Amino acid sequence: MSNKKINMPCTEFLKIISDFWTLKIIIKLNTKEKRFCELERSIPKINSVTLTSRLKKMEKLHIIKRVEGKNRQPVIYTLTKKGLPLISIAQNIEDYGKKFY
């Protein structure tokens, strides 16, 4: 058997959603676009460094879109076409955790 790493879509998907903060961000972006400070205030106990890190990771994976405001308006974040289906998955994971843990 080869030692080559096999790229499995399920494994890659689980890497994305297995992070607690990523799930929280997806849930918070489910209703509308948000500014950084709105996200930070809406997610208890997240710090700005962690939020920045997760947002960059999600943007790189094309789950969210970062839209820079014009004329000194704030940057906003929104889910992309690829990110929108994650809303129900993230919500189901959160609901399951609340119910059983």
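## A tour of the salt bridges

Start with Lys98 and Glu94 in helix 5 (residues 86-100): the two are four residues apart, which puts about one helical turn between them. Keep in mind as you click around that this is a predicted model. Show both side chains and you will find a salt bridge, with the closest N and O atoms 3.8 Å apart. That pair counts because the cut-off between nitrogen and carboxyl oxygen is 4 Å.

Now colour by accessibility. Lys98 is exposed, at 62% relative accessible area, whereas Glu94 is buried, at 16%.

Next, select Arg54 and Asp19. Their salt bridge has its closest N and O atoms 2.8 Å apart. Which parts of the chain does this pair tie together? Arg54 sits in helix 4 (residues 48-60) and Asp19 in the loop between helix 1 (9-17) and helix 2 (20-28), so the bridge connects parts that are 35 residues apart in sequence. Are the two partners buried or exposed? Arg54 is buried, with a relative accessible area of 19%, and Asp19 is buried too, at 16%.

For the last stop, pick Arg66 and Glu68. Here the side chains meet in a salt bridge at 3.0 Å, N to O. Glu68 is exposed, with 56% relative accessibility, while Arg66 is partly exposed, at 33%.

Definitions and conventions:
Residues numbered from 1 in each chain as written. Predicted model: local features only at pLDDT ≥ 70, side-chain atom pairs only at ≥ 80, totals over all residues. Heavy atoms only, no water. Buried < 20%, exposed > 50% of the residue type's maximum accessible area, 1.4 Å probe, protein only.
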